[in-house]
Amino acid sequence: MPQPIKVICLALVGCFYISHVSAQGILPSWMLRYKKEEAVSPVPAFDEEKELLRKLVESERSNKDALLKIEAQKNETKLSDLAAEVEMAKQRQSELEKQLAKKPNAIGRKLNAHAIVIGNSAYSGSSKLTNPFNDAKAISLKLRSLGFSVTDVFDANRNQLVSSLSKFSKSAENADLSLLFYAGHGVQISNVNYILPVDLNMNDLTQVPLQGISLTSVVDQYLPGKTKLVFLDACRDNPLMQTASRSVSRGLAPINASEGTLISYATKDGQTAMDGDGKNSPFTTALLEHLGDPDDIAVVLRKVREKVMRNTNNRQQPWEYGSLTGGELVLSAIK
């Protein structure tokens with residue numbers, strides 16, 4: 001066989017062989033080596049970067065979750081602390097309210113308290129007053145609500161006043177605290193203060209020392225007890241000023257209070273108090289508002305002074321004279 005034809009035949013036989021073994025899945029070793037090397041070729045570079053980025057994202061998310069958890073724990077701690085502070089504040093307020101409700105009185109036990117309340121309105125002629133009767137009625141009810149045993153005296157002449165005072169001094173002889181409230185006309189003559197009964201002749205100055213009742217005598221002789229309180233809404237316009245006597249002075253005179261006694265004027269000595277346009281006088285209105293406060297009587301009277309001055313545009317200034325002893329005197333704690 002010529003050489004060229006032999007070469008061609010060998011080439012055809014080789015191609016047929018390769019085609020046959022490929023169809024049967026059988027490859028020569030050198031071809032299998034090439035296929036394995038192709039199968040284990042390395043991951044392209046961009047896949048590595050993608051994997052790195054994913055890990056970074058997961059790490060960032062994990063860090064954020066950790067920070068959020070820490071912040072939530074801090075907020076829970078703050079809320080818990082605030083709740084504890086609120087609870088402590090409620091407890092302190094409750095304790096203070098209990099202390100105020102049980103505020104001790106001057107003697108440390110329930111006081112045996114008696115009061116005589118006098119209201120004189122029915123004076124003759126132009127001397128008649130509108131509010132003293134109303135003032136006395138209102139103060140009487142207030143004192144009863146605070147635990148006082150109260151003796152009421154309304155529109156009394158001299159005999160009735162003396163009789164009522166005498167009976168009161170006997171009924172209250174065992175009192176720890178005695179109180180006098182007087183609303184009506186009062187006058188000072190030669191520096192002596194007098195309570196005026198409704199049957200006094202307001203045009204006759206000479207009757208006052210005989211028919212009037214000395215305030216000092218009332219306090220010293222008719223108010224028993226270690227502690228005495230006196231409220232005088234009696235510094236009203238003085239009808240005897242019309243008599244033009246040097247011995248008659250405007251308002252009430254200063255007074256010396258003995259130990260254990262507190263005397264409160266509706267206005268400063270030498271001044272006149274207002275009867276008031278309403279149902280009660282300015283002084284009585286303020287007393288009604290503050291006598292039941294859980295405070296010492298000294299604090300109560302400061303509140304009364306402030307209210308009266310405010311309501312009268314500073315034309316009326318309540319004043320006190322006193323020498324109380326012992327601890328606090330809280331009228332609202334008597335009952």
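Contact here means heavy atoms within 4.5 Å. With that in hand, I looked at how the chain holds together: residues 24 or more positions apart account for 73% of the contacts with a separation of 6 or more.

**Ground rules.** I am working on a predicted model, where local features need pLDDT of at least 70, side-chain atom pairs count only at pLDDT 80 or more, and totals for chains, interfaces and linings use all residues. Residues are numbered from 1 along each chain as its sequence is written, and side-chain values use heavy atoms, with hydrogens and water left out.

**Whole chain.** I got 9 helices and 10 strands; these are DSSP runs numbered from the N terminus, H or I of at least four residues for helices and E of at least two for strands. I also checked burial: 36% of the 335 residues count as buried (under 20% relative accessible area; exposed is over 50%, partly exposed in between, with a 1.4 Å probe and protein chains only). The chain exposes about 19,900 Å², and carbon and sulfur atoms supply 54% of that (Shrake-Rupley method, 1.4 Å probe; for residues, only the protein chains shown count as cover).

Which residues make the nonpolar surface patch of about 390 Å²? I found L52, L53, L56 and V57. Patch members need over 30% relative accessible area and no salt bridge, with nonpolar side chains (Val, Leu, Ile, Met, Phe, Trp, Tyr) joined within 5 Å and like charges within 9 Å. A salt bridge would be a side-chain nitrogen of Lys or Arg within 4 Å of a carboxyl oxygen of Asp or Glu. L52 lies in α3, residues 45-101, and is exposed, with a relative accessible area of 52%.

I followed β4 (186-189) into β5 (192-195): they pair in the antiparallel sense over 4 bridges, where pairing takes at least two DSSP bridges. G186 stands opposite I195. The hairpin has 2 residues between the strands, and S190 takes a positive phi near 55°. β5 also pairs with β6 (213-214), antiparallel over 2 bridges, with Y194 opposite S214.

**Helix α9.** I took the span of α9 (297-311) next: its 15 residues reach 21 Å from first C-alpha to last, close to the 21 Å expected (1.5 Å times one less than the number of residues). Which residues of α9 are buried? My list is I297, V300, L301, V304, R305, K307 and V308. An α-helix has 3.6 residues a turn, so residues three or four places apart point the same way. The cover over the buried residues of α9 includes β7 (227-233), β9 (261-265), α8 (282-290) and β10 (319-322). Just after α9, N313 takes a positive phi of about 55°.
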